[in-house]
Amino acid sequence: MSGAVRRWRANPAAVAALAVIAALIGLALVGPLFNPNDIRALDWANVATSPSSTGAHWFGTDRLGRDLFARTLEGTRVSLTVGLVASLISLTIGISYGAVAGYLGGRADQLMMRFIEVLSGLPLVFFVIFLTVLFGRSPYFLFLAIGAVGWLTMARIVRGQTLSIRRREFIEAAVASGAGPVRIVVKHIVPNLLGPVIVYATLTVPQIILFESFLSFLGLGIQEPHASLGTLIAEGAGEVEAAPWILWVPGTLLALLLLCLNLVGDGLRDALDVKER
Amino acid sequence: MVRYFLKRLAGAVPTLFIIITIAFFLIRAAPGGPFDQEQALPPEILANLESAYGLDQPVWVQYGRYLRGLAHGDFGPSFKYKDFSVTELIGQGFPVTLQLGVMALSLALAIGIPLGTLAALRHNSAADYATMSLAVIGIAIPPFVVLPFLGLFFGVYLGWLPVAGWEPGSIRHLVLPVIALCLPPLAYIARLTRGSMLEILRSQFIRTAFAKGLPLHVVILRHAMRPVLLPVASYLAPAVASIMTGSLVVESIAGLPGIGRYLVQGALNRDYTLVMGMVIIYSALLIAMGLLVDLLYAWLDPRIGFDA
């Protein structure tokens, strides 16, 4: 493990990316304390003003005179929260499904993997769009719907790893000392999956943030008056010609966030030397 | 070969049938209906409308009727776009979406494969690092962020290309959407090609080819390319899926009259038949792409038999 840490530290892009992510999270959390503008306040004197033309709003204001700095910080917080919670859901499903399939083996494994194959052949994104449109848009439902999409690859990876771990001697020893299947999966197999799970988890978070902002962009995710980076970008994309800064601020932030998360994940994959699939 | 293809085709039909069935009952299970308005319609008018569209029948009867229509190639009438059938709506928009998608995929392949090959041949050089950094950016940043920025630079600041809009036959309006749409698959393809090329270049048969004194381009194109393209081929189906979902937003940002808008709009309006048409079109495309990949795979790797 220490070798992996050293290899990871030797990757300047990944280290810098992690620093940027930490800075962004810090900014999203403490930034509002320094901002004199209230997030819901409508400043009718300064509607759609650019960042430079007024000192009161650091990032300018939108069509309704709302402070873009406050809105962007809220959007970042929301996007990060959804990303983390939905990733956790999808990882939980993926790890338990994959570990169980790999541990059981045989017919059960074949059946469970066949199910994943069928699911990955379906246009899942369409079904999520479908579901969010049809069955309300509560944040809880959003977490579940987004989380439900991301678990397939995780389950595949975990199952493959489990299959190879299961044949190792310490599992045999656990069986011999009378441990039940649940105990073996939870206590002996899952902890040994850590490497690939960490790598894939860090790569899942940006995918999920991306998917959330995609849904929000379509108007299906986070709803007004709340904002996520996706809704802010959608707002900005409609104002490109008249007020480009409405796009600049959240667009740059989302791009930076996704880029850094991907760099950290790639760095981890190289450091832990995990083969995809 | 033909038998294998027919067998796979026969396997695709039940998949499509299952998708149709799930979508049909899901959308009808949702609260609300196609004739909901701010002011509720008088009950007699609503009853008339529903019986005109067959919505007063039990769901099973509607399902049977819909399937019978489908078997005759009839997607039914749209509930929201009065006087239009779903076939007409999709028929009008699909050429635009198809053009956009085909151009994006072709561009991704035409640039991604050479770029990946180049990066592999100049392993650990500045060109290699530049390509891989570009690939990370392409993978990380989605089309709906890239396209508005492209519009801002090339449309607003430089004024070279239109920010949005559409004229039949005009390529200028497609340039920015195609670029935005092709970046993620392009990045993946470049990455896959590079990784696979690096591996193949180390193998014995490539060393033999070089030892025979063959020039570099012959070794790459005649010997290495086929096995290198295997992972790229298996990525084609996800690439098409990514372009399809991307085109949902790209069309709306760029104001293109494709079919992308019908999925979300149709679902919001409870336009049952229109959404069903969209789901069928997109699923059929994805399934067809899967079939194509199988065939391509068998051609690229002769060890894979057709009798599987």
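Visitor: Which residues of H3(A) meet H10(A), and how many of the residues in this contact are nonpolar?
Guide: In this predicted model, Ser79(A), Val82(A), Gly83(A), Leu84(A), Ala86(A), Ser87(A), Ser90(A), Leu91(A) and Ile95(A) form the H3(A) side of the contact. They meet Val197(A), Ala201(A), Thr204(A), Val205(A), Ile208(A), Ile209(A), Glu212(A) and Ser213(A) in H10(A). By class, the contact has one charged and six polar residues, and the number of nonpolar residues is 10.

Visitor: Are H3(A) and H10(A) oblique or roughly antiparallel to each other?
Guide: The axes of helix H3 (residues 68-104) of chain A and H10(A) come within 8 Å and cross at roughly 130°. An angle must be over 145 degrees to count as roughly antiparallel. The crossing of H3(A) and H10(A) is right-handed, and the two helices are therefore oblique.

Visitor: What is the relative orientation of H10(A) and H12(A)?
Guide: Helix H10 (residues 194-217) and helix H12 (residues 245-272) of chain A have axes 9 Å apart and pack at an angle of about 165°. Their crossing is left-handed. Angles over 145 degrees fall in one class, and H10(A) and H12(A) are therefore roughly antiparallel.

Visitor: What is the secondary structure of chain A, and what percentage of its residues is buried?
Guide: Chain A has 12 helices and zero strands. Among its contacts between residues at least 6 apart in sequence, 68% join residues at least 24 apart. Of the 277 residues in chain A, the buried share is 44%.

Visitor: How many helices does chain B have, and what percentage of its residues counts as buried?
Guide: Chain B comes to 11 helices and zero strands, and its C-alpha atoms fill a box of roughly 85 × 55 × 30 Å along the principal axes. Residues 24 or more positions apart account for 74% of the contacts in chain B with a separation of 6 or more. Of the 308 residues of chain B, the part that counts as buried is 36%.

Visitor: Which helix gives the most to the side of chain B that touches chain A?
Guide: In all, 33 residues of chain B are in contact with 31 residues of chain A. On the chain B side, the residues divide into 28 nonpolar, five polar and no charged. Helices H1 (2-29), H5 (126-140), H6 (143-157), H9 (216-254), H10 (260-268) and H11 (272-300) of chain B each supply at least two residues. The most, seven residues, come from H6(B).

Visitor: Is Arg270(B) buried or exposed?
Guide: Arg270(B) lies in the loop between H10 and H11 of chain B, and its phi is near 55°, a positive value in a residue other than glycine. Most residues other than glycine have a negative phi. The threshold for burial is 20 or more other C-beta atoms within 10 Å. Because Arg270(B) has 21 C-beta neighbours inside 10 Å, it counts as buried.

Visitor: Is Asn124(B) buried or exposed?
Guide: Asn124(B) also has a positive phi, of about 65°, although it is not a glycine. Its place is in the loop between helix H4 (86-121) and H5 of chain B. Because it has 8 C-beta neighbours inside 10 Å, Asn124(B) counts as exposed.

Visitor: What distance separates the C-alpha atoms of Tyr297(B) and Ser234(B)?
Guide: Tyr297(B) lies in helix H11 of chain B and is partly exposed, with 15 other C-beta atoms within 10 Å. Ser234(B) is 63 residues away from Tyr297(B) along the chain, and their C-alpha atoms are separated by 7.6 Å.

Methods: Residues are numbered from 1 along each chain as its sequence is written. Chains are lettered from A and ligands numbered from 1 in the order in which they are written. This is a predicted model: local features need pLDDT of at least 70, side-chain atom pairs count only at pLDDT 80 or more; totals for chains, interfaces and linings use all residues. Axes are lines fitted to C-alpha atoms, for helices over the stretch in contact, and angles run from 0 to 180 degrees between N-to-C directions. Helices (H or I, at least four residues) and strands (E, at least two) are DSSP runs, numbered from the N terminus. Angles under 35 degrees count as roughly parallel, over 145 as roughly antiparallel, 65 to 115 as roughly perpendicular and the rest as oblique. A crossing is left-handed if the near helix is turned anticlockwise from the far one by less than a right angle, and right-handed if clockwise. Two residues are in contact if their C-beta atoms, placed from the backbone, lie within 7 Å. Ala, Val, Leu, Ile, Met, Phe, Trp, Tyr, Cys and Pro count as nonpolar, Asp, Glu, Lys and Arg as charged, and the others, Gly among them, as polar. A residue is buried if 20 or more other C-beta atoms lie within 10 Å of its own, exposed if 12 or fewer, and partly exposed in between; C-beta atoms are placed from the backbone.
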